[in-house]
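Subject: Structure for your review

Dear colleague,

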Amino acid sequence: MSRRGLPFELFLGLRYLRARGHRTNLSLFVWIGVGGVFLGVSALIVVLAVMTGFQEGIRDRIIAANPHILIFEGAGRGMRDAGALLDRVRDVPGVRSAAPFVMQQALFTVSGGGATGGLVRGVDFASESVRKDIARQIKMGSLEPLGRSGGDPAIILGRELARTLGVIPGESVTVISPQGALTAVGMVPKMRRFTVAGTFEVGMYEYDSSLAYVGLAVAQEFAGLGDRVTGIEVKLRDPFEAKAVARAIAQRLGFPYLLRDWMEMNRNLFNALQLEKLALFIIVTIIVLVAAFAIIGHLILLVAEKRKEIGILKAMGAPAGSVGVVFLSVGMLIGLVGTVAGSAVGLGLIWVQNTYRIIRLAGDVYQIDYLPMKLTWSDFGLIIGATLLIAFVFTLLPARRAARLDPVEVLRYE
């Protein structure tokens, strides 16, 4: 049996959704159900998009600012003969580049009295890949002075670090090493005057406010390492293969070298973000559950009102399953309409934020300067699937109640 090309179960379900006369109160439950599902789906989409975008925004900046794998010598006294190790590392499949580096804590001071702590990172500017990676981050000045000899050595400061010190390219900054230097009068702080060649910006306040680049030879001399280096930094063709490539490098180098990949170094951060994402998903799903109670309330009242019609349908030969499907279609239509509307609004909000960047963030707190949103297909499918499943489960009870009505008992007093 069908009407206008629709199965009669769906046709009756659509009719029951239209309030007329004394059924206006039932229509209120319909709107509450649709509105609740709409709010729940749109909120879930926005929340998961915010968490995913925030997580991937931080991850992308970490990948851009850091080597994908770091190699250290187990003794911690620095690495000798880095050139021979570089050749062995570069031959590992998946490695894009490898270069030595020197890392040291330092105090940055200027003549006006400003001072702040940070990290001095010595890198090999003769390496084309290193030079290109840093050149992409330059905001003021250039890398050219770092290749010159004579006069004060050049240094490139993070943008926020330069702002804190109040210096611009061409001015000088004094860097003080905490290790000090042994002289005839005892241990005195070791300091070096540098000329600011430029500023760079990674996009993460943690790096932009504390990191400075100098040439590798200058960093070795300043740290008192001689011909040794702190370690080797490795960049990969695919950063997400870091664990597999790190295992291959470890097997090739053997003892006493230690390796750390970017996933391991930031594991606690990403675990915390993932846990927050799961917690928010569970909390916001409560909105959908509230809407589901409105749906079940509507269907229970609808079944009570339609007892006579249900009895007539079953007396005419309509099977119990078809009667149940009528009321099941009512609940699922409410859930479907709310889901479609909520999805449209949620996706629209994501597009607006990513296009116009309306919501800005404090970079010194959140590490990124605006709120990125990204919704993966898996998250979208999870939201739609969970919402429709909740609507289906909460619709089953009143639908089964309608299907089990005895037409004899229903029509006896009619």
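Lys277 counts as buried, because its relative accessibility is 12% and the limit for a buried residue is under 20%. Please bear in mind that this is a predicted model. Lys277 lies in helix 10, which covers residues 267-305. If residues up to four places away in sequence are set aside, Lys277 touches Leu48, Met51, Thr52 and Asp379.

Arg193 belongs to strand 9, made up of residues 186-200.

Which residues are in contact with Arg193, leaving aside its neighbours within four places in sequence? They are Asp152, Pro153, Ser172, Val173 and Thr174. With two of these residues there are also polar contacts between side chains:

- The side chain of Arg193 makes one with the side chain of Asp152, at 3.5 Å.
- The side chains of Arg193 and Ser172 are joined by another, also of 3.5 Å.

For a sense of distance within the model, you may compare the positions of Arg193 and Leu375. These residues are 182 apart along the chain, and their C-alpha atoms are separated by 49 Å.

I now turn to the protein as a whole. It contains 15 helices and 12 strands. Its radius of gyration is 33 Å, whereas the globule rule gives 22 Å for 414 residues; the protein is therefore more spread out than a compact globule. Along the principal axes, the C-alpha trace spans about 115 × 50 × 40 Å.

As regards burial, 48% of the 414 residues count as buried. The protein exposes about 21,100 Å², and carbon and sulfur atoms supply 59% of that area. Among the contacts with a separation of 6 or more, 77% come from residues 24 or more positions apart.

With kind regards

How values were computed:
Residues numbered from 1 in each chain as written. Predicted model: local features only at pLDDT ≥ 70, side-chain atom pairs only at ≥ 80, totals over all residues. Heavy atoms only, no water. Helix = DSSP H or I, 4+ residues; strand = E, 2+ residues; numbered from the N terminus. Rg over C-alpha atoms; globule rule 2.2 N^0.38 Å. Buried < 20%, exposed > 50% of the residue type's maximum accessible area, 1.4 Å probe, protein only. Contact = heavy atoms within 4.5 Å. Areas by Shrake-Rupley, 256 points an atom, 1.4 Å probe, with all protein chains shown as cover. Polar contact = N/O pair within 3.5 Å; in protein donor to acceptor, adjacent residues only side chain to side chain.
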